[in-house]
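Please open the model in your viewer and keep the sequence panel beside it, as this tour moves from one selection to the next.

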Amino acid sequence: MATVEECRAALQKLAQRMADNAAETSQKLDFDRSLACRVTDLGVAFHGQLRGGQIVGLADGDDPAAKIKLTASSDDLVALVNGQLNIASAWAGGRVKIDAGMMDLLKLRKLL
């Protein structure tokens with residue numbers, strides 16, 4: 001099981017990767033949405049804002065009103081960010097849950 005720090009680091013790694021590729025990513029993700037990531041086995045959550053192709057304001061804690069919600073185990077979250085787990089197969093297998101509107105899901109698939 002990954003630790004809270006490893007999960008936080010994975011999300012920060014994802015945020016940095018997106019910031020480094022902001023010009024390309026912002027064209028793919030031209031929307032502004034609140035997001036939350038819930039880590040089931042640790043009982044923790046993180047939240048932030050997806051804006052201009054970047055994750056900004058990443059902080060500890062849940063955002064129940066988030067427009068995009070990702071729920072996964074700590075190991076699956078770290079594996080997703082590190083490219084060791086395919087999001088489509090993880091979602092289809094029930095290892096990852098994504099709660100978002102249909103249009104948001106279509107846009108997110110470009111990122112994930």
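How many bridges join strand 4 (residues 68-72) to strand 5? Select both strands, and you will find that 4 bridges join them and that they run antiparallel; strands here are DSSP runs of E with at least two residues, helices are runs of H or I with at least four residues, and both are numbered from the N terminus. This is a predicted model, in which local features need pLDDT of at least 70 and side-chain atom pairs count only at pLDDT 80 or more, while totals for chains, interfaces and linings use all residues. Residues are numbered from 1 along each chain as its sequence is written, and side-chain values use heavy atoms, with hydrogens and water left out.

Next, select L70, which stands opposite I98 in strand 5. Within strand 5 (residues 96-99), V96 and I98 make up the covered face, whereas K97 and D99 make up the uncovered one.

Now show the whole sheet, which is open and is formed by 5 strands in the order 3-2-1-4-5, with mixed pairing; two strands pair if DSSP finds at least two bridges between them. Strand 3 (54-60) and strand 5 are the edge strands, each pairing on one side only.

Finally, go to helix 3 (residues 74-81), where S74 is found. S74 is buried, with a relative accessible area of 0% (buried means under 20%, exposed over 50% and partly exposed in between, with a 1.4 Å probe and protein chains only). Leaving aside residues up to four places away in sequence, S74 touches M1, A2, C7, V39, D41 and L42, where contact means heavy atoms within 4.5 Å.
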